[in-house]
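Welcome to my notebook. I kept these entries for anyone opening the structure for the first time.

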Amino acid sequence: MADAADSELPNAWRKCHGWDGESVKALANRVLQYEPPYGVKRARILLTGTVGSGKSSFFNGVKSVFRNRIATQAMTGASARSLTTKFRTYEIRATDGTPLKFQLCDTPGLEDGQGLEPVDFQFLLDGNVPDGFQCHPNTRITTNIPGFVKTPNISNSIHCLAFVIDAATVSVISETIKKKLVDIKDLALSKNIPCLILLTKVDKVSQIADVDLSKVYLSKALQDKVKQVADLLGLPESQVLLVKNYCKEVELDASVDVLTLTAIQRMLGCADDYFDELASQQCSDNFENVQLGLQAI
Ligand SMILES: Nc1nc2c(ncn2[C@@H]2O[C@H](COP(=O)(O)OP(=O)(O)OP(=O)(O)O)[C@@H](O)[C@H]2O)c(=O)[nH]1
Ligand SMILES: [Mg+2]
């Protein structure tokens, strides 16, 4: 049940091509056909954000679309501390078992005074951290962690960073967490890694979206939340994508899938921009001084 007041606008504040099963199929097909450019094997997207914002649920939602059933592979739930404690890289497969050309990397939620710090993201973004790495609340990621990937290449590194933010709690994010988020964003941008925001739990802040998810872009409350979270992180509103994760549903829902797939599509577009930028740098630098050479795939 949404708790904030909401009102329905006469016109949508963002375009959407449709909310039915056909729209899901069209969007899913585009994602199924996605191939990264320059012969890169796959795009890698890192999910970070506050505790309980829906990072693991988002991966489950993406898997659900392509498995045609509600998936619960990543553990999810409400807890004061991060439920996810490991760095996990998830592959998504089509119904015939073919792996899609992107991976989602899940991380523990950012906490006040403990947990992951911006400095850890240096290694997470560069691809030094192995899948399954157990994060410890008060220990930094260093070159001494077990399985540290010493010479990561483009297959290990991150090509798009998604901040997963709970729309219902964005107003009460502490200054410490806000600083962590902004520092992580600045670090990613310094590496030319594009950043997006997934604004989750839209059903909790908009009565309109709660009753009919296909009306998300008519919700005044959500339009305001998008502005608020874009300001919080210093990113353009166009980089904020609305998400409603599966939490109580037992069947797939086309509107949920449309939002999930729209977010994935934007992430893949961002990853392609990253590859384009890297390729153009390689040309201008004459293949020198580029840490992650595309030719190293
Ligand atoms: N109503 C609603 N609940 C959601 C949504 N997304 C996630 N949840 C619920 O929020 C809780 C936390 O979700 P998780 O996916 O575990 O969040 P997380 O970011 O992975 O959390 P940590 O790993 O603990 O940092 C779960 O109870 C989910 O069912 C959403 O879009 N709407
Ligand atoms: Mg989690």
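**Ground rules**

I took helices (H or I, at least four residues) and strands (E, at least two) as DSSP runs, numbered from the N terminus. This is a predicted model, so I kept in mind that local features need pLDDT of at least 70 and side-chain atom pairs count only at pLDDT 80 or more, while totals for chains, interfaces and linings use all residues. Residues are numbered from 1 along each chain as its sequence is written, chains are lettered from A and ligands numbered from 1 in the order in which they are written, and side-chain values use heavy atoms, with hydrogens and water left out.

**Entry: strand β2**

Is I92 buried or exposed? I noted that I92 is buried, because its relative accessible area is 1%; buried means under 20% relative accessible area, exposed over 50%, and partly exposed in between (1.4 Å probe, protein chains only). I then checked I92 against S64: the two are 28 residues apart in sequence, and their C-alpha atoms are 9.5 Å apart in space.

**Entry: two helices**

I went on to L181, which is placed in helix α4 (residues 175-190). L181 counts as buried because its relative accessibility is 0%. From L181 to P118 I count 63 residues in sequence and 7.8 Å in space, C-alpha to C-alpha.

Next I turned to I264, in helix α8 (residues 254-284). I264 has a relative accessible area of 0%, so I wrote it down as buried. L104 is 160 residues away from I264 along the chain, and 9.8 Å separates their C-alpha atoms.

**Entry: the loop between α2 and β2**

I found A71 in the loop between α2 and β2. A71 counts as buried because its relative accessibility is 5%. A71 and L199 are 128 residues apart in sequence, and I read 21 Å between their C-alpha atoms.

N68 is also found in the loop between α2 and β2 (86-93). N68 has a positive phi of about 60°, although it is not a glycine. N68 is exposed, because its relative accessible area is 59%.

**Entry: another positive phi**

In which loop does Y38 lie? I located Y38 between α1 (21-32) and β1 (43-49). Y38 is not a glycine, yet its phi is positive, about 60°. Y38 counts as partly exposed, because its relative accessibility is 43%.

**Entry: ligand 1**

Where does ligand 1 sit? I found ligand 1 in the largest pocket. For a pocket, I used a 1 Å grid over the protein atoms alone: a pocket is an open set of points with protein on both sides within 12 Å along at least five of seven lines. A molecule sits in a pocket if more than half of its atoms lie within 2 Å of the pocket's grid points.

The elements that give two or more residues to the shell around ligand 1 are α2 (55-67) and α5 (202-205). Of these, α2 gives the most, with three residues.

There are 20 residues around ligand 1, and K55, S57, L83, D203 and N245 come nearest; a residue is near a molecule if one of its heavy atoms lies within 4 Å of it. By class, I listed four nonpolar, 11 polar and five charged residues in this shell.

**Entry: atoms at the ligand**

I then looked at single atom pairs. A nitrogen atom of ligand 1 is 2.7 Å from an N or O atom in the side chain of D203. An oxygen atom of ligand 1 lies 3.1 Å from a polar side-chain atom of K201. A polar backbone atom of G109 is 3.3 Å from an oxygen atom of ligand 1. Ligand 1 exposes 650 Å² when taken alone, and the protein buries 91% of that; the areas come from the Shrake-Rupley method with a 1.4 Å probe.

Technical notes
A polar contact is a pair of N or O atoms within 3.5 Å; within protein, one must be able to donate a hydrogen and the other to accept it, and residues adjacent in sequence count only if both atoms are side-chain atoms. On a 1 Å grid over the protein atoms alone, a cavity is a set of points where a 1.4 Å probe fits but cannot get out, and a pocket is an open set with protein on both sides within 12 Å along at least five of seven lines; lining residues have an atom within 4 Å of a point. Ala, Val, Leu, Ile, Met, Phe, Trp, Tyr, Cys and Pro count as nonpolar, Asp, Glu, Lys and Arg as charged, and the others, Gly among them, as polar.
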